[in-house]
Amino acid sequence: MTEQEIRQVANEVLRETLGPHGFESADVRPAPDFDGEPSLYVTAHFRPQAGVTSGEASTRALSVLRKRLLDRGEERFPYIRYDYPDDEVLGDDPSDTISDWH
């Protein structure tokens with residue numbers, strides 16, 4: 001799948017699964033994972049004051065995204081990073097926030 005197609009699927013799935021939790025949009029970046037395997041890094045952006053997404057919702061989002069991508073022939077595993085604009089910035093790196101990759 002192309003990056004644009006993956007981004008479209010990611011936005012559809014995350015809007016369905018995380019929309020009630022304040023999801024706004026997703027970005028996708030293909031890159032190798034920690035083992036060097038081809039992977040997809042999806043950043044889910046949320047509205048200000050959205051609060052923290054529950055574990056149940058984030059697990060469902062990842063599961064549905066993985067299945068939808070596999071159904072379309074995309075085998076790279078998606079990792080989702082939750083980007084909350086209200087997160088506290090740690091250290092000197094503005095991209096280093098409390099949100100982690102899942």
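Buried means under 20% relative accessible area; I kept that cut-off at hand while reading this predicted model.

**Helix α2**

I started with α2, residues 55-71. Its buried residues are Ala57, Ser58, Ala61, Leu62, Val64, Leu65 and Leu69. I remembered that an α-helix has 3.6 residues a turn, so residues three or four places apart point the same way. Next I looked up what the buried residues of α2 pack against, and found α1 (3-18), β2 and β3.

I also checked the length of α2: its 17 residues reach 24 Å from first C-alpha to last, close to the 24 Å expected at 1.5 Å a residue.

**Strands β2 and β3**

How many bridges join β2 to β3? I found seven between β2 (residues 38-46) and β3, and the two strands run parallel. The chain gets from β2 to β3 by way of α2, and I noted this β-α-β crossover as right-handed. Ala44 stands opposite Tyr82 in β3. As for cover, six of the seven residues of β3 (77-83) are buried, and I wrote the strand down as mostly covered.

**Tyr84**

My last stop was Tyr84, in the segment after β3. Is Tyr84 buried or exposed? Tyr84 counts as buried because its relative accessibility is 11%, under the 20% cut-off. Its side chain makes a polar contact with the side chain of Thr53, at 2.6 Å. I also looked back to Ala44: Tyr84 and Ala44 are 40 residues apart in sequence, and their C-alpha atoms are 8.5 Å apart in space.

Methods
Residues numbered from 1 in each chain as written. Predicted model: local features only at pLDDT ≥ 70, side-chain atom pairs only at ≥ 80, totals over all residues. Heavy atoms only, no water. Buried < 20%, exposed > 50% of the residue type's maximum accessible area, 1.4 Å probe, protein only. Helix = DSSP H or I, 4+ residues; strand = E, 2+ residues; numbered from the N terminus. Pairing = 2+ DSSP bridges. Right-handed = clockwise from strand over helix to strand, strands pointing away. Expected span 1.5 Å × (residues − 1). Contact = heavy atoms within 4.5 Å. Polar contact = N/O pair within 3.5 Å; in protein donor to acceptor, adjacent residues only side chain to side chain.
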